[in-house]
Amino acid sequence: MKYMKLIATLVLTLVVFYCLNTKLGAIPPVGKFLDPVNGVWQNETNEIIEGNVTIAGLSAPVTIHYDAHLIPHIFAQNDADLYKAQGYVTAKHRLWQMEFQTHAAAGRLSEIIGKNALDYDRRERRRGMAYGAEMALEKMKDDPEAIALLKAYRDGVNSYIESLDDKNIPVEFKLLDYKPEPWTIKKTALLLMYMTKMLAGGDDDLEYTNSLRKFGQERFDLLFPDFFDVNDPVIPKDTDWSFIDTEMTKAPQGDIPLDTIRETIAKPHPDNGSNNWAVSSEKSVTGNAILANDPHLGLNLPSIWFVMQLSTPQHSAMGATLPGALGIISGFNNHIAWGETNATRDVLDWYKIEFKDDSRSQYKYGDSWKDTSIRVETINVRGALPVIDSVLYTHHGPVTYDHNFKSDNKRAGYAMKWVGHTGGNNQRPFLDLNKAKNYDDYVNALKGYTAPAQNFVFASTSGDIALWIQGLFPNKWEGQGKFLMDGSNPDHDWQGYIPQAFNAHVKNPERGFVSSANQHPVDESYPFYVFNDGYETYRNRVINDFFRSKDKFSVDDFKALHNNNYNLKAAELLTEMFKSIDVSALTEEERAIYKQIKSWDFNNDIDQVGPSIWRAWWYKLYPMVWDEFDTEDEALTTPFTYQTIYLLINRPKDKFMDILETPEIETAHDLFLKAFKDAVKDLNDWKAKHGDYNWKDYKATYAGHLLQALPAFSRFDIPIGGDANIVNATSENHGPSWRMIVEMSSPPKALGIYPGGQSGNPGSLYYDNMIDDWAAGTYYDLNFMQNDTATSDIISTQTLTPSN
């Protein structure tokens, strides 16, 4: 009996020891995680940002000054040392983010999360993410200097990784019980592919194909027009395009396949976009051109951006960087400033592939058959055996959908044609922008940029302003790419690309300003075909009307516009709704809420209830209009917000207004009343659970940790107004991810802030310290140091010294 107790005690001890040191499902190895020497407690420290650090391969010492916001100002003697230092410093503050995002891009999350990430990994591999990164690297090999700088960055990252031990490894690695692997230049290419996917266009070709078959061409064109009835485009309407002499692609003969597609892969966030604008020196209060940028992306922690200054004796630039990529992405130097918004051009199409037989080794193309190639994807799964997924490739691209993935047809598949797969040296444009001195340098820097399509705004100390819509754009025949195309018809292929010089652009327009807010790039006079990819129609009009409202603008005007909460969408529809709603049909309780929204000034400010009532009302109304799209039998996407409101106002008796499940024939006016009554019920239920439905509490903006918004590492209930379709485009967890304003004095004076902090360590004071100021519309002065002499704004200095 005594020995049995001893054995039982020993077994229990071994089980406890195993459980404490083994990751069980989503639970970290508790023993390791809570280890007082090497566990999570060691991450509750501030960053070491002083002293000397030895780095192999440097040619000379590098000075890093940190200011009060933990922004590093890096001074190196040459580009190789500069980008090696950038890699080291970025990894020091954002290593887990860099590792996690590139694993996500490569479809490798199953390695660290387990089988729950398997579907995600299969999807990303069938999207051709790693393939696109490899094609990009092939293009980069034609630029030995860029490759050398990528390697320098890689070596800097790895120098930091090699300095880590179990004690100071980032907390997420401890939580997930894995360790960082060495950085590679392919990881930088994957990071750029991650952004290319995030900022891809709408990609609704397969859903539109279902809609075309379901509703017919006439009704489809009503729901999804190429141009809305209002259009205030990125490039002013009066632009002269007579210099374009390229022949337009002619529409071919042949039908499109009207297949039924039941399910499609997940798309990028529909609100991924941005604002940018610039005013000329003549339209500026100070006589200096002024530029602003605010990319609208997910509100994540660690934040998507990392602010730095990168300087050598030959050039100096400052602004927002992407952890994992070289250079400043949205920023300025002593001569120019630049920023980007999403151009959302249609550069991703789908082709139906007909295989010759069950072997799928060949597919039909013209009057013959072409060979497929096979990319064998081995997905390592934590705690399980690897999963093998063979992805077929055609000349169009990867066969994303086949009988092994979201389809059951052995003889057919759907292949993706995407500019993201063509490869492009998309590091070079930013390296050149960092050094650019004038408009010509800016244009030359953009020439090789391929994807994602972006509106690049520009301003200079000489007073010039400009905007180029830049990317590699197929020269499509009218209608090409709206629907699934016939992969066997050579005439359905992309026949070529728009010459870069003919990409839509403007320099120093007569109106004195340039702006973009993801609206239609051009008007109908632009000779190349541009499909309406769900372009923005509200933010852009508010911005452009603002710059038409007076002759001169200041930095304070730019701040006010960044934080503008005016809801033009609500103003345009509610004005019509108020005219038609029968107030006598409302209960006393409903009448009280109706009175509240009637008195609303259409500003989505945090203390107002009007925005909450509007959202509840709109969220009930929109699906009532489009109940015809509510089906699980086929993949469909509902019409754009602007076109929905256009139909509600201008075609209130259209048959789409009728609710299918009721015997009555409803009009838009009936929907207004019914949706309002339903909204009141939801608002009262919300109030009973949460209290007053002021906009701050009702919207409940949060910045979620990248690891599925891990609550302990996230920030909730951020007090900020705005919403989607508003200039201050802050919704629940999406919005202005970086606000920058630059006045082009000599040297430039700049302001910036973003919803997070410079550190990726949740235990750091600098993890989320900017969020409250960002929410309040406050900006930080960006200390653009003109030399490496420390100023009073510098809190510490670190030196990287060569080891040889």
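Colleague: Why is strand β10 (residues 336-342) largely enclosed by the rest of the structure?

Modeller: Seven of the seven residues of β10 are buried, so the strand is largely enclosed. Buried means under 20% relative accessible area, exposed over 50%, and partly exposed in between (1.4 Å probe, protein chains only). Before we go on, this is a predicted model: local features need pLDDT of at least 70, side-chain atom pairs count only at pLDDT 80 or more, and totals for chains, interfaces and linings use all residues. Residues are numbered from 1 along each chain as its sequence is written, and side-chain values use heavy atoms, with hydrogens and water left out.

Colleague: Which residues point each way from β10?

Modeller: Ile 336, Trp 338, Glu 340 and Asn 342 point one way, while Ala 337, Gly 339 and Thr 341 point the other way.

Colleague: Which strands pair with β10 in the antiparallel sense?

Modeller: Strands are DSSP runs (E, at least two residues), numbered from the N terminus, and helices are runs of H or I with at least four. Two strands pair if DSSP finds at least two bridges between them. Here β9 (residues 330-333) pairs with β10 over two bridges, and a hairpin of two residues joins them. Phe 332 stands opposite Ala 337. With β18 (residues 454-460), β10 has seven bridges, and Ile 336 has Ser 460 as its bridge partner there.

Colleague: How do the residues lining the largest pocket divide?

Modeller: They divide into 23 nonpolar, 14 polar and eight charged. Nonpolar covers Ala, Val, Leu, Ile, Met, Phe, Trp, Tyr, Cys and Pro; charged covers Asp, Glu, Lys and Arg; the others, Gly among them, are polar. A pocket is an open set of points on a 1 Å grid over the protein atoms alone, where a 1.4 Å probe fits, with protein on both sides within 12 Å along at least five of seven lines; lining residues have an atom within 4 Å of a point.
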